[in-house]
Amino acid sequence: MGCMCIQHLQNIGAGLRNLPREMLANLAADQLGPLNQAARLAPSLSAALNEIASAGIPSMSAASNLSASASANLAASMSANLGLNASAMASLEALAAVNRGLGMGALNPRVASSLSVMIQSVNLQAPDMLAVLEEFLQPISAAIDRLQALAASLQGITAASGMNLATPLPAFPAMPTAAVPSVQANASAMAAAGASASAQASAAASASASAQGMLALRVQAASMALGYTLPGQSASLNGALALTTSLPALNVPQSSLQSVSAKLGALAATMSTLGVNLLAPTAGDQLVAALRIVNTNLQAMASANLSTIATANLSAAAAAATSVAATAAANLNANAILSAAANLNLAIPNLQPLATSLAMAASLSSITGSNTFASRPCSSCKVF
């Protein structure tokens, strides 16, 4: 069952009280030099590394030749032609996320019963919990935003270079700081030179096929998480989806749920990226030390050979990713899968709030080690 039991909420509250809120609040007041310096350096280095790497790798160059708006228009057009709109895709993935989050197998009457219990539990406990969490997180909201932005940039650098800047690293390949703009300019020129009309057309065709394959992979992954494989079991999946149409209404303030879930997710991502346990008695010292390591690495990278750093690790990764994608696509009949998905009845209530509730629970579990949704009722349970 998925019961948001009082006992578990009390354990989570006790854990969150160990957060060094005063120290985190001071981050927003620009009182930590290493954070300010890292926040300035990390985004530009992340962008530069990705630009240089994509210029040297054909598959990435082709994808980068399509503007963000063109890619978005292509995806929207393809979805519309298939009768699979963004809302339907989001509903399917949200239901899959809820199913995974509750540790359930294929959709069946027992699953619908468990979802009903979860909704009753959320309706009973969540409003008060959200109000407490909002009040608790408000003083450190700006700090969380800054740390999350830094964590996102560090993740981008790791993806492009293969290096984790939150850990002490050996010296980077040396290059005078003054040479960095030249390398970046050369990378831009390389990308521009390859963007001829024929290359653009080829890239668009490749992107279209790739987008279709990726959408089919998403649909298949979500349907398999629900216990069904498309297109062959689409009728069975539709029958199972009908079990969810009679779920009770979810009565929680949506804006609060989304806001709290986003903040807790950002906090969990920051702790993971920086390798800092913000509930430890030494959390403040750990965070300061981690930010200093990050800043030292960023300063060294800023004066290093960015081109070498970007391409040395990413070329092999890009080749491997291309191979994996090609193998996955070869095992799919994208048209058949997407056509089957377009005929699914995905007008299911409560899915997005339920998925957000599970995401919030996952973040709380990551931060505090306590699971919001109990598998067994506690002594104070009012649902069972």
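Me: In the protein, what share of the contacts with a separation of 6 or more comes from residues 24 or more positions apart?
Reply: The model is a predicted one. A contact here requires heavy atoms within 4.5 Å. Among contacts in the protein with a separation of 6 or more, the share from residues 24 or more positions apart is 87%.

Me: How many salt bridges does the protein have?
Reply: Arg218 pairs with Glu93, with the closest N and O atoms 2.9 Å apart. This pair joins helix α10 to helix α6, across 125 residues of the chain. Asp145 and Lys263 form a salt bridge as well, at 2.5 Å from N to O. The count is two.

Me: Is Lys263 buried or exposed?
Reply: Lys263 lies in helix α12 and is linked to Asp145 of helix α8, 118 residues away. Asp145 is partly exposed, at a relative accessible area of 36%. A residue counts as buried under 20%. Because the relative accessible area of Lys263 is 16%, this residue is buried.

Me: What span should helix α12 have, at 1.5 Å a residue?
Reply: Helix α12 runs over residues 254–274, which makes 21 residues. The expected span is 1.5 Å times one less than the number of residues.

Me: Which residue takes a positive phi just after α12?
Reply: The secondary structure comprises 16 helices and zero strands. Just after α12, a phi of about 65 degrees is found at Gly275.

Terms used: Residues are numbered from 1 along each chain as its sequence is written. This is a predicted model: local features need pLDDT of at least 70, side-chain atom pairs count only at pLDDT 80 or more; totals for chains, interfaces and linings use all residues. Side-chain values use heavy atoms; hydrogens and water are left out. Helices (H or I, at least four residues) and strands (E, at least two) are DSSP runs, numbered from the N terminus. A salt bridge is a side-chain nitrogen of Lys or Arg within 4 Å of a carboxyl oxygen of Asp or Glu. Buried means under 20% relative accessible area, exposed over 50%, partly exposed in between (1.4 Å probe, protein chains only).
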